[in-house]
Amino acid sequence: MVWGAGASVFAAAALVGGGTFILVWQVTRPWLLSIVAIVAGIAITLTFKSVIILVVGRVNYAAFYRKRPWIGNLCGVALECWHLGLTTYYVITRAVKLIVAAAIYIGRIDAPFLAEGVGLIGPVDLDAFPTIYRKDLLSADAHRHPFIERLGVIYLLKIKHGTKFATTAGSIWRL
């Protein structure tokens, strides 16, 4: 009990002390302030977007019914513009990362440019999107076993047709 409390106090003191040191030290202060500014800007923007969507959703929608369709359409256009800007930023950022990786590997003949692990520079992965895409594909395919899909179809048909589905008379041929 004493060691757990002591370790918690030490961890909290190290966290607060380390954070204060990084904030006060002249070498790391500009980097930390720029990171804090970026995080604060993203947090404020996402909070503003969430609050606007929540308020407009409560005023405009009743269950799945739109009380004022023009407000819903206007919000849809605004969200599409928001996502268009984010997509453009992401595409430009990814293109710059790929150009940097190509510039780094321009003179290497021992590894092809599109080989596995080419974009790794130490612990930093310049383009993690292919790995994320592969993980998403594997997680989606792992949950689509044919037996599970057939069993789901059988259950849904039983719910849809009730007592008319899978009767003894219809299944007697299997015996």
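**Figure 1. The second largest pocket of the predicted model holds about 280 Å³ of space.** Its lining comprises 14 residues, and those closest to the pocket centre are Lys-49, Ile-52, Ile-53, Ala-78 and Leu-79. Helices α2 and α3 each contribute at least two residues to this lining. The greatest contribution is that of α2, with 7 residues. The model shown here and in the other views is a prediction.

**Figure 2. A nonpolar patch on the surface is formed by Tyr-90, Val-91, Phe-129, Tyr-133 and Leu-137.** Together these residues have about 490 Å² of accessible area. Two helices, α3 (69-104) and α4 (129-142), each supply at least two residues of the patch. The largest share, 3 residues, belongs to α4. Leu-137, one of the patch residues, sits in helix α4. Leu-137 is classed as partly exposed because its relative accessible area of 41% falls between the limits of 20% for buried and 50% for exposed.

**Figure 3. Leu-15 is a residue of helix α1, which spans residues 2-24.** The relative accessible area of Leu-15 is 66%, so this leucine counts as exposed; the cut-off for that class is over 50%.

**Figure 4. Ile-154 is found in helix α5, residues 146-161.** With a relative accessibility of 44%, Ile-154 is partly exposed. Ile-71 lies 83 residues from Ile-154 along the chain. The C-alpha atoms of Ile-154 and Ile-71 are 42 Å apart.

**Figure 5. Helices α2 and α6 mark the two ends of the range of mean pLDDT among the elements of the protein.** Helix α2 (residues 29-60) has the highest mean, 88. This helix is also the one that gives the most residues to the lining of the second largest pocket. Helix α6 (residues 168-171) has the lowest mean, 73. Over the protein, pLDDT averages 82, and 94% of the residues score at least 70.

How values were computed: Residues are numbered from 1 along each chain as its sequence is written. This is a predicted model: local features need pLDDT of at least 70, side-chain atom pairs count only at pLDDT 80 or more; totals for chains, interfaces and linings use all residues. Side-chain values use heavy atoms; hydrogens and water are left out. Patches are made of residues with over 30% relative accessible area and no salt bridge: like charges are joined within 9 Å, nonpolar side chains (Val, Leu, Ile, Met, Phe, Trp, Tyr) within 5 Å. Accessible areas come from the Shrake-Rupley method with a 1.4 Å probe; for residues, only the protein chains shown count as cover. A salt bridge is a side-chain nitrogen of Lys or Arg within 4 Å of a carboxyl oxygen of Asp or Glu. Helices (H or I, at least four residues) and strands (E, at least two) are DSSP runs, numbered from the N terminus. Buried means under 20% relative accessible area, exposed over 50%, partly exposed in between (1.4 Å probe, protein chains only). pLDDT is the predictor's confidence in each residue, from 0 to 100. On a 1 Å grid over the protein atoms alone, a cavity is a set of points where a 1.4 Å probe fits but cannot get out, and a pocket is an open set with protein on both sides within 12 Å along at least five of seven lines; lining residues have an atom within 4 Å of a point. Grid points are joined across faces, edges and corners, and a volume is the space filled by probe spheres set on the points.
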